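The paragraphs below walk through a structure, beginning with a contact and ending with confidence. Please keep the sequence and the coordinates open while reading.

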Amino acid sequence: MTETTHDTVTSPERVDSTEYAARTPELAQPYRELGLAEDEYQRIRRILGRRPTEAELAMYSVMWSEHCSYKSSKVHLRYFGETTTEEMRARMLAGIGENAGVIDIGDGWAVTFKVESHNHPSYVEPHQGAATGVGGIVRDIMAMGARPVAVADPLRFGPAEAADTARVLPGVVEGIGGYGNCLGLPNIGGEVVFDESYARNPLVNAMCVGVLKSDELQLAHASGTGNKIVLFGARTGLDGIGGVSVLASESFSGDETGSGRKKLPSVQVGDPFTEKVLIECCLELYRSGLVVGVQDLGGAGLSCATSELASAGDGGMWIDLDAVPLRAEGMTPAEILSSESQERMCAVVRPCDVEAFMEVCRKWDVTATVIGEVTDDENLRVDWRGERVVDVPPRTVADEGPVYQRPVRRPAEQDRLVADDPGTLARPGDAGELRETLLRMAASPNLCSREWVTSQYDHYVRGNTVLAQPSDGGVLRIDEQSGRGIAVATDCNARYTRLDPYQGARLALAEAYRNVSVTGSKPVAVTNCLNFGSAEDPGVMWQFQQAVRGLADGAAELGIPVTGGNVSFYNQTGGDPILPTPVVGVLGVIDDVARRIPTGIGAAPGEALLLLGETHDEFGGSEWSRVVHGHLGGTPPRVDLSREKLLGEILALGARDGLVSAAHDLSEGGLAQGLVEMALIGETGARVVLPEDADPFVWLFSESAGRAVVSVPRGEELRFTELCSARGLPCTKIGVVDTESRSLDIQGVGELPLTELRRAWEGTLPALFG
Amino acid sequence: MSAAGASIGVITFPGSLDDGDARRAVRRAGATPVALWHADADLHGVDAVIVPGGFSYGDYLRCGAIAKFAPVMTEVLRAAEHGMPVLGVCNGFQVLCEAGLLPGALTRNAGLHYVCRDQWLRAENTTSTWTTRYEPGAELLIPVKHGEGRYVAEESTLDELEGEGRVLFRYVEDNPNGSSRDIAGVTDARGRVAGLMPHPEHAIDPLTGPTDDGLGMFLSALDTLVPA
């Protein structure tokens with residue numbers, strides 16, 4: 001902790017009340033240590049007409065942080081709203097600004113989904129950081145009135161063979177599994193990507209999907225004068241207080257054991273059992289109609305929950321901090337308000353329902369306490385030990401924080417990067433070299449099997465998982481009677497985004513869209529988690545601005561809304577930012593999950609293999625250029641979203657009419673990787689013959705967008721190819737599935753026994769991580 | 001009395017996860033599932049009981065160690081003594097071992113990781129209440145998903161189990177947790193109480209599981225409850 005010269009006011013003898021603050025305007029306050037800029041601090045003083053109390057200062061500093069206020073991204077994120085048409089909004093029941101976007105999927109069902117980052121905590125403490133990331137996103141979904149039904153985790157780490165990756169990755173995976181598995185939520189998707197740029201800045205993003213009846217939506221607002229504010233779930237302790245600890249007096253004795261203040265880690269500690277019980281308790285409260293408004297407690301804890309509830313409501317709010325159940329002694333008001341103790345929720349309850357609310361909480365053995373009420377004035381007021389420690393207009397805390405127009409500048413080096421064309425790289429010449437390249441690629445960390453990771457996640461629980469990893473998208477049954485279901489996928493090739501952030505974001509959208517499409521589902525909505533370097537680096541802000549525009553324009557072109565998102569800046573160690581990583585999540589709907597398309601071949605006797613889409617010589621940012629040449633340069637593959645849309649429509653029709661028995665999106669690693677995975681997942685061989693005029697290297701390894709491989713039962717081949725030609729989708733027959741064969745036989749490359757492919761594909765991660 | 005007339009209770013502890021799945025499996029087998037709450041010392045007149053998978057009470061002490069003291073378990077123990085069929089799956093198996101209805105214990109997987117995967121099993125005992133629908137030696141593909149599923153017992157106990165034919169299922173190909181003698185599930189001396197780590201309730205429909213190989217366990221029990 002840096003040395004500070006400020007005075008700590010609150011002590012056992014004295015409370016820094018609003019009244020005391022008004023009398024001591026000159027008292028030095030540690031606003032810098034709390035991350036507030038001079039002008040931000042002055043603005044708080046102007047709002048309040050006096051200096052803030054310690055509790056107020058803690059509240060403003062955490063709510064005006066980048067993480068909570070989106071102060072650097074807000075001006076760019078508006079573009080999402082500006083590009084969303086009324087038609088795109090038609091299915092949206094709630095969008096950006098709520099805890100999570102909600103989409104009507106038909107038959108009275110609605111789905112909510114969101115991705116959040118927990119990057120930095122997961123680097124400091126991989127297990128708890130990742131676990132509490134899952135816990136936080138699950139509570140976000142609960143705050144919409146939804147039952148969480150699935151999770152998925154897009155992850156990025158430093159080089160697979162780096163020593164620190166061996167510390168971070170197993171911890172993160174164990175944290176996600178340990179927490180998610182205990183909640184009884186199937187993990188149905190996600191990503192694992194390795195790149196040098198994440199070496200000291202892993203990305204741990206967590207997605208949660210929730211389901212509700214469309215008339216059950218709970219919105220986070222506190223309305224109705226006299227309604228009670230109930231805090232329920234875990235007790236409030238000293239964990240996750242972070243920067244606010246500069247306000248703690250060293251003279252305090254009180255801690256979690258009773259003898260001298262323990263310096264608790266700034267990463268919060270999760271308890272999945274408490275969260276599981278909290279989920280069931282919340283759902284019973286919703287079902288019983290006992291909740292007027294609800295908000296989860298995540299980052300910024302009570303500061304955030306109370307100011308956001310009050311800000312979104314129609315009145316003020318009064319909170320009695322002495323009523324908050326604590327698990328540490330001697331906590332100051334600032335600490336109670338800032339604590340990020342996990343597994344807590346805050347509800348607004350009608351006075352007449354409080355007893356019934358408490359009864360449900362007792363059934364689930366969940367601690368619940370009335371800590372305040374909705375008032376008929378405008379301010380958020382907080383009392384502690386009989387004195388007023390907070391008296392602020394809630395909107396100034398929650399919604400009217402600072403907004404910055406950070407400098408944006410395309411980095412000069414970008415031209416050099418784009419000019420460094422991969423066309424000059426040496427390519428494999430003969431069959432032997434192609435074969436060797438294929439095996440080397442299949443075993444490379446970014447293309448190899450993720451089973452070492454995904455087998456540590458429960459994907460069966462709840463009994464509705466129809467597709468999960470290693471499928472391109474996860475598919476979940478929502479309605480057991482009708483078979484209605486949803487699909488989700490998350491994607492981002494950050495190497496593409498590095499070369500061209502605008503096109504890279506569109507490519508990420510295209511891939512997630514395609515990954516939903518190949519399951520036979522129709523994409524309906526988009527969410528995102530935008531992971532970037534420092535907002536104070538104009539080059540990073542250029543990447544950010546371009547990526548937001550690319551994603552928003554792309555969504556508009558596809559006609560599906562961006563329903564929400566999350567921004568994580570400052571992902572860099574020293575001067576080197578991470579690759580710009582706008583993770584895109586797409587949600588799809590499928591009328592009957594029995595019609596879903598699996599990934600593995602061999603399900604139907606006698607199948608033809610068809611390549612949909614066009615293959616061009618496109619290697620900028622490709623996995624081949626990385627694995628073989630350690631190269632990143634040139635331009636990423638072209639993206640044609642109308643083609644993606646057409647591909648999606650053909651796949652949906654094919655699924656509906658039973659014309660397609662397997663489908664796999666082509667992306668990193670190209671056709672070769674796609675074929676390897678379809679054969680290994682289906683445990684079935686195939687014979688592949690590329691067109692005569694095809695350059696086998698380009699056809700096998702190019703990463704051209706808008707492509708998928710499908711297997712089509714022989715009897716349906718004509719019908720399917722006619723469907724493609726009628727709709728103008730290029731379709732090339734590239735081989736046949738051979739259920740008798742135990743190898744993938746590619747003309748011009750050779751015969752690759754499945755056992756050899758499996759050794760290459762499955763051996764890498766267990767060899768690295770045990 | 002028809003199959004639909006038979007009712008099978010499924011216990012929910014705080015932290016139970018696969019209770020809904022067990023109820024679905026009961027329904028699919030043609031019986032009526034009845035939700036039993038841990039704090040109620042009442043079996044609501046059910047004909048059999050399933051203790052499902054999950055992390056009962058958070059499993060912070062030892063898997064299943066607290067659950068055995070639940071009021072509903074007192075009733076289950078009494079009913080089992082009178083011959084009521086009881087099935088424990090995963091955490092439920094751990095609970096039945098802790099409660100003394102089944103011998104042995106489940107410890108941390110040999111590989112130390114939680115494992116979720118489709119697992120081949122061989123049916124060894126096909127005369128217990130829960131396994132009559134299987135052919136002896138039949139191989140079944142059923143998911144496992146656990147971090148503490150390594151079955152251990154005294155050598156003498158293991159010998160006794162083998163000698164009396166009380167090993168219900170054994171892992172084939174690759175043992176996922178290092179359990180003694182590849183044991184995946186066992187039964188009590190009367191063949192009425194069964195416990196196993198794999199999840200038959202997640203193999204009742206090829207749409208949502210690897211196979212429907214698990215359905216046989218529920219159908220077997222119904223055959224006993226509803227004599228043909």
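How many residues does the contact take from chain A and from chain B? In this predicted model, the count is 24 residues from chain A and 22 residues from chain B. On the side of chain A that touches chain B, at least two residues each are supplied by α9 (163-183), α10 (272-287) and β14 (465-467). Sorted by class, that side of chain A holds 10 nonpolar, nine polar and five charged residues.

Chain A can be taken next as a whole. Its secondary structure consists of 26 helices and 28 strands. The C-alpha trace of chain A spans about 85 × 55 × 50 Å along its principal axes. A compact globule of 770 residues would have a radius of gyration near 27 Å, and chain A, at 27 Å, agrees with that. Of the 770 residues in chain A, 60% count as buried. Among contacts in chain A with a separation of 6 or more, 85% are accounted for by residues 24 or more positions apart.

The domain assignment of chain A gives domain 1 (18-71 + 219-398) and domain 2 (597-770). Taken over C-alpha atoms, the centres of these two domains of chain A are separated by 52 Å.

The largest nonpolar core has 186 residues, and the members that touch the most others are A:Met63, A:Ile103 and A:Leu509. Helix α20 (residues 538-558) of chain A contributes the largest share of this core, nine residues. Domain 1 (18-71 + 219-398) and domain 2 (597-770) of chain A each give at least three residues to this core. Apart from it lies another core, of 66 residues, which includes B:Cys63, B:Val144, B:Leu168 and B:Ala221. Returning to A:Leu509, and leaving aside neighbours within four places in sequence, this residue is in contact with A:Val526, A:Leu551, A:Gly554, A:Ala555 and A:Val584.

A:Gly648 lies in helix α22 (residues 641-656) of chain A. Is A:Gly648 buried or exposed? A:Gly648 counts as buried because it has 22 C-beta neighbours inside 10 Å, and the cut-off for buried is 20 or more. Not counting residues up to four places away in sequence, A:Gly648 touches A:Tyr513, A:Ser517, A:Lys522 and A:Pro523. The C-alpha atoms of A:Gly648 and A:Arg514 are separated by 6.6 Å, although these residues are 134 residues apart along the chain.

Chain B can be described in the same terms. There are five helices and 11 strands in chain B. Its radius of gyration is 16 Å, close to the 17 Å that the globule rule gives for 228 residues, so chain B is as compact as a globular protein of that length. Along the principal axes, the C-alpha trace of chain B spans about 45 × 40 × 35 Å. Of its 228 residues, 59% count as buried. In chain B, residues 24 or more positions apart account for 75% of the contacts with a separation of 6 or more.

The last topic is confidence. Chain A averages a pLDDT of 92, and 94% of the residues score at least 70. Over residues 1-5 of chain A the pLDDT is below 50, and this stretch has six contacts in the model beyond near neighbours in sequence. The pLDDT is also below 50 over residues 248-263 of chain A, a stretch with 27 contacts in the model beyond near neighbours in sequence.

Note on methods. Residues are numbered from 1 along each chain as its sequence is written. Chains are lettered from A and ligands numbered from 1 in the order in which they are written. This is a predicted model: local features need pLDDT of at least 70, side-chain atom pairs count only at pLDDT 80 or more; totals for chains, interfaces and linings use all residues. A nonpolar core is a set of buried Ala, Val, Leu, Ile, Met, Phe, Trp, Tyr and Cys residues joined through C-beta atoms within 7 Å. A residue is buried if 20 or more other C-beta atoms lie within 10 Å of its own, exposed if 12 or fewer, and partly exposed in between; C-beta atoms are placed from the backbone. Helices (H or I, at least four residues) and strands (E, at least two) are DSSP runs, numbered from the N terminus. Domain bounds come from an automatic or database domain assignment. Two residues are in contact if their C-beta atoms, placed from the backbone, lie within 7 Å. Ala, Val, Leu, Ile, Met, Phe, Trp, Tyr, Cys and Pro count as nonpolar, Asp, Glu, Lys and Arg as charged, and the others, Gly among them, as polar. The radius of gyration is taken over C-alpha atoms; the globule rule is 2.2 Å times the number of residues to the power 0.38. pLDDT is the predictor's confidence in each residue, from 0 to 100.
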